[in-house]
Amino acid sequence: LHVLTHSFPTRRSSDLMNAIVYLAIQFYTLLSKLSIRKLYAIGDVISWLIGHAPIHKEMLEKIGQAFPDTEASWQNELIKKYFRCTTSFVAEFLKYTTWPKEEVVERMTYLNLDLLKGLLAERKYVVCYSGHFVNYELFAGLPQWIEGYGVCNFYDDNSREYPYLDKWLKTIRDRNGAISIPISSPLRPILRLHSAVEAGESDIKGFVIGSLSDIPRRGPHSQKVFVMGQEVPLATGTEKIGRRLGAAFVYAHISCPRRGYYTVTLKELHPDSSGSYMAAYIEALEANIREQPELWLMWSTL
């Protein structure tokens, strides 16, 4: 979509793109009516075709850097598992748009919520880091687990030029109680919400800021770090916001005991001698990746 919209900068083409986006969303909605089993079956066929195609040289290099003591056969098998998990993610996201809240809660289980609830009771604000694992979209159901507190969910508001897409994205993220925060300018709405909580003018007692910080980001609010053997610039803006609020920091470790069902184990993060939480985040992220590397959706993009 990004490439297409920059290829046609005129107003007429913008109207055309909005029409295409609208039709794509309608088709997406139609697909979501299929059962999860049928969507899995379609995804399995697609993942088999992609996983067996000899086009994964760059991915093999990244996996080889991350797991240097593994054999080529293991690395190739990981790629096949990765694409199966990726297509499962797409299938589950299709159903996620129509699943009731009870289904979302059932599919993402939080094992030690007492830690999060205790930090919220003590500090009122928590930054919850994680990564792009299957199925991170289910994190939007967290408000169902922590009654009385809000969950701030970052979303890419670059889609605002396409009103159908922008409205659709916010609707599916907000339907389980999450608060949408535009990624282009997150500080102001978060500080407004913070002021309302502090003044007793909000119906929530505090909030969690959810952040998936494993996507390379360039700019003044980024820091170069090594993730699975590769140097990448990761965003630090969420950390700065959290420190400004006096928030506690946790990591949400996601695992998949069986297809379509996920568990999250929360772990408190502590800063290093410079006051940064980035090293603790990377350590937790890499431990999460090593446990089930096929779940991490960044192998083909990092």
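Colleague: Is Lys-124 buried, partly exposed or exposed?

Modeller: Lys-124 counts as partly exposed because its relative accessibility is 29%. Buried means under 20% relative accessible area and exposed means over 50%, with partly exposed in between (1.4 Å probe, protein chains only). This is a predicted model, in which local features need pLDDT of at least 70 and side-chain atom pairs count only at pLDDT 80 or more, while totals for chains, interfaces and linings use all residues. Residues are numbered from 1 along each chain as its sequence is written, and side-chain values use heavy atoms, leaving out hydrogens and water.

Colleague: Which residue meets Lys-124 in a salt bridge?

Modeller: A salt bridge is a side-chain nitrogen of Lys or Arg within 4 Å of a carboxyl oxygen of Asp or Glu. Here the partner of Lys-124 is Glu-198, at 2.7 Å from N to O. The pair links distant parts of the chain, 74 residues apart: Lys-124 sits in the loop between helix H7 (113–123) and strand E2 (125–130), and Glu-198 in helix H9 (residues 187–198). Helices (H or I, at least four residues) and strands (E, at least two) are DSSP runs, numbered from the N terminus. Glu-198 is also partly exposed, at 44% relative accessibility.

Colleague: How many salt bridges does the structure hold?

Modeller: The structure holds seven. One of them joins Glu-58 to Lys-62, with the closest N and O atoms 3.5 Å apart. Both residues lie in helix H4 (residues 57–66), four residues apart, about one turn of the helix. Glu-58 is exposed because its relative accessibility is 52%, whereas Lys-62, at 7%, is buried.

Colleague: Where do Glu-239 and Arg-243 lie?

Modeller: They lie in helix H10 (residues 237–245), four residues apart, about one turn of the helix. Glu-239 is buried at 3%, and Arg-243 is partly exposed at 43%. Elsewhere, salt bridges that share partners join Asp-44, Arg-84 and Arg-259 into one network.

Colleague: Which residues lie nearest the centre of the second largest pocket?

Modeller: A pocket is an open set of points on a 1 Å grid over the protein atoms alone, where a 1.4 Å probe fits, with protein on both sides within 12 Å along at least five of seven lines; lining residues have an atom within 4 Å of a point. The second largest pocket has 13 lining residues, with Arg-84, Cys-85, Cys-256, Arg-259 and Leu-295 nearest its centre. Helix H5 (residues 72–96) gives the largest share of this lining, five residues.
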